[in-house]
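Please look over the sequence and the model below. The paragraphs that follow go through the ligand surroundings, the sheet and the nonpolar core.

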Amino acid sequence: MKVTDHIKKAKGETLFSFEILPPKKGESVQSIFNAIDPLMEFKPPFIDVTYHREEYVYKDRGNDLLEKVSTRKRPGTVGICAAIINKYGVDAVPHIICGGFSKEETENALIDLDFLGIDNVLVLRGDAIKSEGRFVPEPNGHSYASELLRQVTNLNNGEYLHEEVKQNETDFCVGVAGYPEKHFEAPSLKSDLKYLKQKVDMGAEYIVTQMFFDNQKYFDFVEKCKNAGIDVPIIPGLKPITALKQMSVLPSVFHVDLPDDLVDALDDCKDNQSAREVGIEWAIQQSKELKAAGVPCLHYYTMSKSQVTKRIAEALF
Ligand code: FAD
């Protein structure tokens with residue numbers, strides 16, 4: 001079932017959902033089930049599974065030979081989605097990205113997802129890989145999420161890249177990312193919203209936000225989206241802080257601010273255990289306020305640490 005239909009069916013009740021990361025290469029699918037099992041009592045209608053692009057290093061093999069070695073850490077998004085649907089009977093939402101994919105490879109991946117009965121995709125550009133300073137599209141790939149979105153909506157209309165592989169139309173519900181604190185490459189929030197609106201005009205049916213720690217940023221963002229003519233559900237994404245080092249890691253990796261009160265509380269923590277308690281309490285308070293404001297869904301970035309999300313969900317659902 002489509003994410004948008006889950007939201008309609010809930011008739012104003014706030015849903016609970018979460019995102020998991022594929023396990024590291026070499027781990028078993030059981031580690032995914034161990035991360036999901038404790039959260040099933042809160043009845044998530046859908047679970048997102050992130051996609052992690054291949055990174056490379058070049059190893060000197062002597063005699064002027066360089067060997068390209070893949071350092072991909074978390075493969076398996078499509079398979080994990082299929083396993084989730086089979087085991088739990090809930091919808092799995094794979095993230096699909098532009099980076100590393102030609103249009104043909106994207107089409108093949110979408111055909112696989114359709115075969116597997118997957119109804120939703122979260123369409124993203126992806127970030128630059130470590131060996132490249134800025135995002136570089138694949139030859140014959142997409143530069144922006146909007147272009148990838150166009151490919152999905154084309155498939156939904158039965159328009160395949162080549163006549164020879166033409167099949168039935170797909171019926172994917174498409175979500176996209178939104179940034180209450182602006183995407184870090186955008187020159188201004190206004191510019192970022194212009195391209196977000198473009199994605200919605202091209203067929204995106206819902207938005208999931210980047211994490212934020214100050215609800216006012218989300219409320220202002222929703223208001224600005226409304227004023228810009230964006231009228232699809234905007235699902236807030238929440239990341240509970242679980243370790244002291246995240247005070248510097250989250251702003252530098254995700255380009256988000258931490259409010260002073262949260263920073264002060266974390267500064268008073270002597271170890272990760274107490275920082276985790278502060279993070280959980282902060283996320284509970286954020287969630288309560290968002291739920292009271294009637295958000296369609298509370299979506300948690302679990303980083304596969306389900307016990308933390310479970311504590312928060314227990315206070316809410
Ligand atoms: P876009 O919408 O393409 O925007 C990228 C930038 O380009 C923005 O600054 C935008 O303003 C600008 N822009 C857009 N269109 C145009 C245009 N036509 N001309 C000029 N500028 C333009 N990454 C992963 O690799 N895997 C994941 O699983 C993943 N999951 C995510 C889930 C969520 C909810 C979020 C918020 C992010 C996720 N990301 C993931 C990270 C995401 O890939 C990065 O933030 C990426 O840098 C931008 O992706 P986007 O889809 O927002 O890009």
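Which element gives the largest share of the shell around the ligand? In this predicted model, that element is H6, with three residues. The ligand has 22 residues around it, and those that come nearest are Thr50, His95, Arg125, Ala145 and Ala177. Two or more residues of the shell are given by each of strand S5 (91–97), helix H5 (145–156) and helix H6 (189–201). Sorted by class, the shell holds nine nonpolar, eight polar and five charged residues.

The sheet comes next. Nine strands form an open sheet with parallel pairing, in the order S9-S8-S7-S6-S5-S2-S1-S11-S10. Its edges are strand S9 (234–235) and strand S10 (237–238), each of which pairs on one side only. In general, the strands of a sheet pair through backbone hydrogen bonds, in either a parallel or an antiparallel sense. Valine 176 has isoleucine 207 in S8 as its bridge partner.

The last topic is the nonpolar core. Nonpolar side chains tend to be buried together in soluble globular proteins. The largest nonpolar core of this model comprises 70 residues. Within this core, the residues with the most contacts are Ile47, Val121, Val123, Val152 and Val174.

Note on methods. Residues numbered from 1 in each chain as written. Predicted model: local features only at pLDDT ≥ 70, side-chain atom pairs only at ≥ 80, totals over all residues. Near = placed C-beta within 6 Å. Helix = DSSP H or I, 4+ residues; strand = E, 2+ residues; numbered from the N terminus. Nonpolar A, V, L, I, M, F, W, Y, C, P; charged D, E, K, R; others polar. Pairing = 2+ DSSP bridges. Core = buried A, V, L, I, M, F, W, Y, C linked by C-beta atoms within 7 Å. Buried ≥ 20, exposed ≤ 12 C-beta atoms within 10 Å, placed from the backbone.
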